[in-house]
Amino acid sequence: MIVISHRGASGYAPENTLPAFEKALQMGAKAFEFDVQRSKDGKLIVHHDYDFSRTAKDKRKIAQLDYKEIEKINAAAHFKEANFAKVPLLSEVLDLIKDKSEFINLEIKNDGNIYPNI
């Protein structure tokens, strides 16, 4: 049996944020699941939904924003105990977990082929 950290330690920190992955590591996680999407300027980011309505109370869609705009969005707005947490780049998450993980389940989002070349 593999126990997988789902979107980081999403019960303890805002899902798919660096604090959530840091918390998962602190808790001993060795396997990780998270979602990857593509910004308007081609940056690969870690976020589950196609917009930020649920996590940040912001209805803008990822595919319509450059990463400079996305990194200003508070992905922790839905999490009462958290401070500001930006939406991380895939490279940031991988840099954090790569040396400590044994298994990574990376889900590439592509609803209706909205991300050409992902």
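## A first look

D58 sits in strand β5, which covers residues 58-61. Strands here are DSSP runs of E with at least two residues, helices are runs of H or I with at least four residues, and both are numbered from the N terminus. This is a predicted model, in which local features need pLDDT of at least 70 and side-chain atom pairs count only at pLDDT 80 or more, while totals for chains, interfaces and linings use all residues. Residues are numbered from 1 along each chain as its sequence is written, and side-chain values use heavy atoms, with hydrogens and water left out.

Let us take in the whole chain. Its secondary structure consists of four helices and six strands, and from the N terminus on the order is β-α-β-β-β-α-β-α-α-β. The C-alpha atoms fill a box of roughly 35 × 35 × 20 Å along the principal axes. Of the 118 residues, 42% are buried. Among contacts with a separation of 6 or more, 54% are between residues 24 or more positions apart; contact means heavy atoms within 4.5 Å.

The table lists their relative accessible areas, where buried means under 20%, exposed over 50% and partly exposed in between (1.4 Å probe, protein chains only).

| Residue | Class | Relative accessible area |
|---|---|---|
| N16 | N16: buried | 2% |
| D58 | D58: buried | 16% |
| F103 | F103: partly exposed | 34% |

Back at D58, the contacts are with D51, F52, S53 and I73, once neighbours within four places in sequence are set aside.

Where is N16 found? N16 belongs to the loop between β1 (5-6) and α1 (18-26). The side chains of N16 and D35 are joined by a polar contact of 3.4 Å. A polar contact is a pair of N or O atoms within 3.5 Å; within protein, one must be able to donate a hydrogen and the other to accept it, and residues adjacent in sequence count only if both atoms are side-chain atoms. Beyond neighbours within four places in sequence, N16 is in contact with R7, F21, F34, D35, V46, H47, H48 and P88.

Our last stop, F103, lies in strand β6, residues 103-108. F103 and I4 are 99 residues apart along the chain, yet their C-alpha atoms are separated by 8.3 Å. Leaving out neighbours within four places in sequence, F103 is in contact with I4, K30, A31 and F32.
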